[in-house]
Amino acid sequence: MSTNGNGNGNGNAKLVQGIDVPIVRLIPRNERPVSAKHRKRIEASLRAVGLIEPLVVYPVGDDYEILDGCLRYRILLEMGVETVPCLIAPQREAFTANRMVNRLSSSQEMRMLRKSLEELDEKTIAGALGIAGIKHRLNINLLKKLDPTVVKAFEANKLNLQCAKELAHVNLERQAEILKLMESCNDHSLTFAKGLVLKTPIAKRTKPNGVKTPWTRADEKKQDLLKALREAEQQQEFYSGLYRQYTTNLLKLVIYARAILANERIKAYLEEHHPNQCRDFAQIVNSTER
């Protein structure tokens, strides 16, 4: 992150004065709880490369109230640091640190790390950031897959990291074509990039190499849908066959019941000895004649 005089702060940042303040004269203000992971990361940075971003303070009598940097102050105090670089804010209540901060994009972070590698080794930088390594943040493997014009646009912050990753799914020629289309439409959004990538002909796609591409994901969904359709067809055939068999058996039963009741001697015998069965046969016959 960097400090500047842009944004809502107007000229306030330009009026900020730098000064080295004895740590015993610093008074923390508005301390907020932080996670152990975040504290460890800040501590690792301070121990590896020192204090990069000064504390922001406001004079109160002979002391200085910390407006931004209480966590760094606590860590520096534990480290035994005696003097701390500070920026004296021109105002007390109106000051907010975020108004003087620009968040780094992926491309800006990558350039910052490359610049740091000119003076520090990877282990020191990783320790300062509180992470295991920085290779994944340099995006070296990704840049090898991109056309030079795309790399230039990415480093110029025209394309974000996700857009660059999407373009890596097509060959270099197609990447240049897509970039020209995005520039002609003045649309560098991820949604537009994905749409152009998905419209890419098969001949201009890159090989997956074990990584799932938009097409492999689409193919997987297609296979799942086809499987579900096949299962539905099999179930339909099963129930259709079951219904045909039921209809055939019912037809045979109707013919049988009608033949029994048509014989007066058999009907009389059933009415006398098996009245319930006789009523069932009669219901079967009557239900088919409606």
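In which sense do strand β3 and strand β4 pair, and over how many bridges? Strand β3 (residues 55–60) and strand β4 (residues 63–68) pair in the antiparallel sense over five bridges. Here two strands pair if DSSP finds at least two bridges between them, while strands (E, at least two residues) and helices (H or I, at least four) are DSSP runs numbered from the N terminus.

Before we go on, a word on the model: it is predicted, so local features need pLDDT of at least 70 and side-chain atom pairs count only at pLDDT 80 or more, whereas totals for chains, interfaces and linings use all residues. Residues are numbered from 1 along each chain as its sequence is written, and side-chain values use heavy atoms, with hydrogens and water left out.

Let us stay with the hairpin. Across it, V57 stands opposite I66 in β4, and V60 stands opposite D63 in β4. Two residues lie between the strands of this hairpin, where G61 takes a positive phi near 65°.

On to the sheet as a whole. It is an open sheet of five strands in the order β1-β5-β3-β4-β2, with mixed pairing. β1 (17–22) and β2 (26–28) stand at the edges with a single partner strand each, so one side of each is left without a neighbour in the sheet. From one strand to the next, the twist averages 50°. β3 also pairs with strand β5 (residues 83–88), in the parallel sense and over three bridges; there, V56 has L87 as its bridge partner in β5.

P54 counts as partly exposed because its relative accessibility is 24%; the class lies between buried, under 20% relative accessible area, and exposed, over 50%, with a 1.4 Å probe and protein chains only. Leaving aside residues up to four places away in sequence, P54 touches R72, P85, C86 and L87, where contact means heavy atoms within 4.5 Å. P54 and G69 are 15 residues apart in sequence and 7.9 Å apart in space, C-alpha to C-alpha.

Finally, the helices. The axes of helix α9 (residues 172–184) and helix α10 (residues 190–198) come within 10 Å and cross at roughly 135°. Axes are lines fitted to C-alpha atoms, for helices over the stretch in contact, with angles from 0 to 180 degrees between N-to-C directions. α9 and α10 are therefore oblique to each other, since angles under 35 degrees count as roughly parallel, over 145 as roughly antiparallel, 65 to 115 as roughly perpendicular and the rest as oblique. In their contact, R174, I178, L181 and M182 in α9 meet F192, A193, L196 and V197 in α10.
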